[in-house]
Amino acid sequence: MDRRNYYAKANERGGGDRCMKPGHRGFLVTCNGHVRDCVRDSYRILNAYADQLYGAADQTTPVNDEQQQQSDAASDEEDISIKLQKEALAAGKQNKSFRFQSVESGALNCLFIQTTLPDPNEITYKLMKDLSETKQHKSRFILRMLPIQAVCRANLKDIMDVVGKLSDQYFLKEPKTFAILFNRRLNNDLSRDDVIRELAELIAAKNPGNKANLKSPDLAVTVEVIKGLCCIGILPEYYQLRKYNLVELVAPQNEKCAPPPEAVAVTEVNELAVESNQKQPDDE
């Protein structure tokens, strides 16, 4: 099977259940319009790093010669229909073993790669560090790749519940500096100011030493709202790793002097929201 057919088959496995939904975790990937190429590159990169970190998928237990002979003898005695049923069951199990699956995010040029791995941060952090050190391009089509540790419904209560559980791992034992980064697409119902204020208070309550730092935080809490869903992640070295932007990370050093306009805008918005709670205009 060639690569095009492989990725086509991988996309078909989800059937009609290929939409992002609460309970998912994975990677929010933005692209430059070449969606199919972006999905293909995402699979390639993520699978390569998953193999490095966790070993190759679909590994099976080795079978010795005696077990193989017994299996062959039993197989010869089986009816052909039983063999076909076993092959079908085996194929079904193989389909479920794939670590990554592209699902619809609901926004243009924004993909969600769902994963069965317990922590999307580990792969993404290693990828970003490698790009930062080697300056070697991994994809011409991926712009940013954000690890998403939980997807929930886009309401304040659910967001608070998810961040509250995640923050126990990051903010409870040792004091950390943090920034809250709020972005939304196709949603005007959720208040930016309310989300940032409530989350800042929640994280500050976890440890008296937790302090907001909008320029160089230890951890960035990303809140990405798309329609009625919210993607949440807690990311280390967010600004040091160029906001997890694959293009920015491989740019020459002399092009990194000034922060991009988007980063300045986000910082200004967060300063107003966290420090003075001044109302900001709604995003589109």
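Predicted model: local features only at pLDDT ≥ 70, side-chain atom pairs only at ≥ 80, totals over all residues.
**Figure 1. Overview of the chain.** Residues are numbered from 1 along each chain as its sequence is written, and side-chain values use heavy atoms, with hydrogens and water left out. Of the 284 residues in the protein chain, 41% count as buried. Here buried means under 20% relative accessible area, exposed means over 50%, and partly exposed is in between (1.4 Å probe, protein chains only). Among contacts in the protein chain between residues at least 6 apart in sequence, 79% join residues at least 24 apart; a contact means heavy atoms within 4.5 Å.

**Figure 2. Inside the nonpolar cores.** A nonpolar core is a set of buried Ala, Val, Leu, Ile, Met, Phe, Trp, Tyr and Cys residues joined through side-chain atoms within 4.5 Å. In the largest nonpolar core, which has 45 residues, Phe 100, Met 128 and Met 145 touch the most other members. Helix α2 (residues 35-54) gives this core its largest share, seven residues. Apart from this core lies another, of 27 residues, including Ala 150, Leu 166, Ile 232 and Ile 234. Take a look around Met 128: leaving out residues up to four places away in sequence, Met 128 touches Met 145, Leu 241, Tyr 244, Leu 246 and Leu 249.

**Figure 3. Helix α2 meets helix α5.** Two packed helices are described by the angle between their axes and the distance between the axes. For α2 and helix α5 (residues 120-134), the axes come within 10 Å and cross at roughly 105°. That makes α2 roughly perpendicular to α5, since angles of 65 to 115 degrees count as roughly perpendicular, those under 35 as roughly parallel, those over 145 as roughly antiparallel and the rest as oblique. The axes are lines fitted to C-alpha atoms, for helices over the stretch in contact, and the angles run from 0 to 180 degrees between N-to-C directions. On the α2 side, look for Ile 45, Leu 46, Tyr 49, Ala 50, Gln 52, Leu 53 and Tyr 54, which meet Glu 122, Ile 123, Lys 126, Leu 127 and Asp 130 in α5. The residues of this contact divide into eight nonpolar, one polar and three charged. Ala, Val, Leu, Ile, Met, Phe, Trp, Tyr, Cys and Pro count as nonpolar, Asp, Glu, Lys and Arg as charged, and the others, Gly among them, as polar.

Figure 4. Lys 126 is found in helix α5 and is partly exposed at 28% relative accessibility. Not counting residues up to four places away in sequence, Lys 126 touches Tyr 49, Gln 52 and Leu 53. Lys 126 and Leu 53 are 73 residues apart in sequence, and 9.4 Å separates them in space, C-alpha to C-alpha. Glu 133 also lies in helix α5, and at 59% relative accessibility it counts as exposed. Glu 133 and Val 250 are 117 residues apart in sequence but 8.4 Å apart in space, C-alpha to C-alpha.

**Figure 5. His 24 and Arg 25 in a loop.** His 24 is found in the loop between α1 (3-12) and β1 (26-31), and Arg 25 is found in that loop too. His 24 is buried, at 11% relative accessibility, whereas Arg 25 is partly exposed, with a relative accessible area of 26%. Setting aside residues up to four places away in sequence, His 24 touches Cys 19, Val 103, Phe 112, Gln 114, Ala 150 and Val 151. Leaving aside its neighbours within four places in sequence, Arg 25 is in contact with residues including Phe 112, Thr 115, Pro 118, Ile 148 and Ala 150.

**Figure 6. Cysteines without a disulfide.** A disulfide is a covalent bond between the sulfur atoms of two cysteines. The structure holds zero disulfides, counted as pairs of cysteine sulfur atoms within 2.5 Å. The sulfur of Cys 38 is 4.4 Å from the closest cysteine sulfur, in Cys 31, too far for a bond. Cys 38 is buried, with a relative accessible area of 0%, whereas Cys 19 is partly exposed at 43%.

Methods: Helix = DSSP H or I, 4+ residues; strand = E, 2+ residues; numbered from the N terminus.
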